[in-house]
Amino acid sequence: MIKLQYTSSSTRYICASVKPSHVRCTWNGYEYYDHALAWLVLRLGCTIFAVDYRLAPEHPYPAAVEDCEAAVTALSKRKPRPAKIKDHLRSRLSEYGLTPNHICVMGDSAGGNLSAVISRRLREKKLIKNSEVSSVRSEEMEKLCPFQCQVLIYPVTTVFGFSLPSYREYFSECAGSALLNPFSMARWILFYLDIDAKAANVQKLIAAEHTPSRGSSKVLDGVLSRYERVVDKYFPDERDQQAHYRLAKLFYSRGLDPDVSPLLAPDLDGCPPTMVLTAGVDVLRDEGRAYAKRLAAAGVEVEDRHYPKAYHGILNMPYSETRKTMKKDIAAYLEKNL
């Protein structure tokens with residue numbers, strides 16, 4: 001059973017039951033986000049469900065994706081069939097007083113990855129079910145996702161970003177000091193993909209040795225071409241790396257999956273309107289901004305907000321003026337799009 005924290009402003013807002021409901025997928029569990037979630041509830045008069053999804057290494061990919069998808073699918077179904085839903089949430093919506101017609105998925109860091117993945121997965125499943133996919137007009141694509149919008153806060157969008165400028169700046173400009181560092185990212189990615197997180201593999205990821213070079217495998221050359229097309233377009237400073245074949249093979253069997261690296265998805269048409277927030281002092285800066293560009297290129301309505309003086313995790317840090325600005329920007333976007 002998926003655990004959820006339910007936060008409502010119904011004691012303060014009479015119309016809370018007809019206000020939008022939001023699903024927020026978060027990385028560290030919901031307790032860490034109590035303040036930010038409570039602030040949104042009071043500001044918007046909304047209802048928030050925070051998904052306490054299963055975590056790696058005990059539960060590697062795709063456990064977290066499956067948990068979040070189950071929760072948001074239950075919320076978005078207009079004609080529920082409780083007997084077919086694995087968790088208890090949808091059968092109790094009437095208890096929460098919700099009419100799930102206005103839903104936003106939102107998350108930060110790895111939660112931003114999960115939010116992006118879920119939006120794209122549900123849109124793709126609806127496309128597959130459509131017997132006349134080729135006849136879907138571009139103006140109808142926005143109807144393919146059951147959400148009104150998504151908010152991605154410094155999201156993880158690829159597992160192949162370790163040689164990007166934002167990662168290199170951790171060593172050259174941050175003096176090896178930041179809330180989120182390449183070592184932690186490498187270790188978490190290895191855990192998530194169920195790959196041995198020994199120190200040697202962590203070092204190989206930081207050196208981008210999990211990306212194979214040309215000619216190392218005919219099978220991998222095809223998928224490498226797809227990755228390089230994205231790299232050449234959005235990461236012009238990326239350089240070929242000396243690859244460790246065995247590790248690279250593991251990553252190309254798992255990391256190229258768009259449900260792991262949404263930046264590398266074949267197409268993003270039909271994803272919901274999206275707000276992407278990125279921080280200047282953050283190893284995830286470049287991949288987050290690249291994802292915003294890919295969405296925009298696919299015709300998705302994108303609000304790309306970059307905060308040059310912000311750092312990863314700032315949304316949970318008190319006494320920060322940038323944090324206040326980010327929260328207000330998110331609230332304004334939700335008010336406009338829900």
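**Entry 1. The end of H7**

I began at the end of H7, which is followed by Ala208, a residue whose phi is positive, near 60°. I worked on a predicted model, in which local features need pLDDT of at least 70, side-chain atom pairs count only at pLDDT 80 or more, and totals for chains, interfaces and linings use all residues. Residues are numbered from 1 along each chain as its sequence is written, and side-chain values use heavy atoms, with hydrogens and water left out.

I took helices (H or I, at least four residues) and strands (E, at least two) as DSSP runs, numbered from the N terminus. Ala208 lies in the loop between H7 and helix H8 (218-234). Is Ala208 buried or exposed? I found Ala208 buried, with a relative accessible area of 5%; buried means under 20% relative accessible area, exposed over 50% and partly exposed in between, with a 1.4 Å probe and protein chains only.

**Entry 2. The chain as a whole**

I recorded eleven helices and seven strands as the secondary structure of the chain. Of the 338 residues in the chain, 53% are buried. I then looked at contacts (heavy atoms within 4.5 Å). Of those with a separation of 6 or more, 76% come from residues 24 or more positions apart.

**Entry 3. H6 against H7**

I returned to H7 (residues 199-206) and examined its packing with helix H6 (residues 182-192): the two axes come within 9 Å and cross at roughly 115°. Axes here are lines fitted to C-alpha atoms, for helices over the stretch in contact, and angles run from 0 to 180 degrees between N-to-C directions.

Which residues make the contact? I listed Pro182, Phe183, Ala186, Arg187, Ile189 and Leu190 from H6, and Asn201, Val202, Gln203, Leu205 and Ile206 from H7. By class, the contact of H6 with H7 has eight nonpolar, two polar and one charged residues. In this division Ala, Val, Leu, Ile, Met, Phe, Trp, Tyr, Cys and Pro count as nonpolar, Asp, Glu, Lys and Arg as charged, and the others, Gly among them, as polar.

I also noted the buried residues of H7, namely Asn201, Val202, Lys204, Leu205 and Ile206. Their cover includes H5, H6 and helix H9 (245-254).

**Entry 4. H5 and its cover**

I next asked which residues of helix H5 (residues 165-172) are buried. They are Ser166, Tyr167 and Tyr170. Seen down the axis of H5, these buried residues fall within an arc of 110°, so they line one face of the helix; the arc is that of the directions from the helix axis to the C-beta atoms. For background, I recalled that an α-helix has 3.6 residues a turn, so residues three or four places apart point the same way. The cover of the buried residues of H5 includes H6 and helix H10 (285-297).

I found H5 and H10 packed at an angle of about 160°, with their axes 6 Å apart. That angle makes H5 roughly antiparallel to H10. Pro165, Ser166, Tyr167 and Glu169 in H5 meet Arg285, Asp286 and Glu287 in H10. I divided the residues of this contact into two nonpolar, one polar and four charged.

**Entry 5. Ala292 in H10**

I stayed with H10 to look up Ala292, which is placed in that helix. Ala292 is buried, with a relative accessible area of 2%. Leaving out residues up to four places away in sequence, I found that Ala292 touches Val276, Val302 and Asp304. The C-alpha atoms of Ala292 and Glu303 are separated by 8.1 Å, the two residues being eleven apart along the chain.

**Entry 6. Backbone exceptions**

One joins Ala56 and Pro57, with omega about 10°, and another joins Tyr61 and Pro62, with omega about 15°. I placed Pro57 in the loop between strand S3 (47-52) and helix H2 (63-76); Pro62 is likewise in the loop between S3 and H2.

Tyr319 is found in the loop between strand S7 (302-311) and helix H11 (321-337). Tyr319 is exposed, with a relative accessible area of 80%, whereas Ala208 is buried.

Technical notes: Angles under 35 degrees count as roughly parallel, over 145 as roughly antiparallel, 65 to 115 as roughly perpendicular and the rest as oblique.
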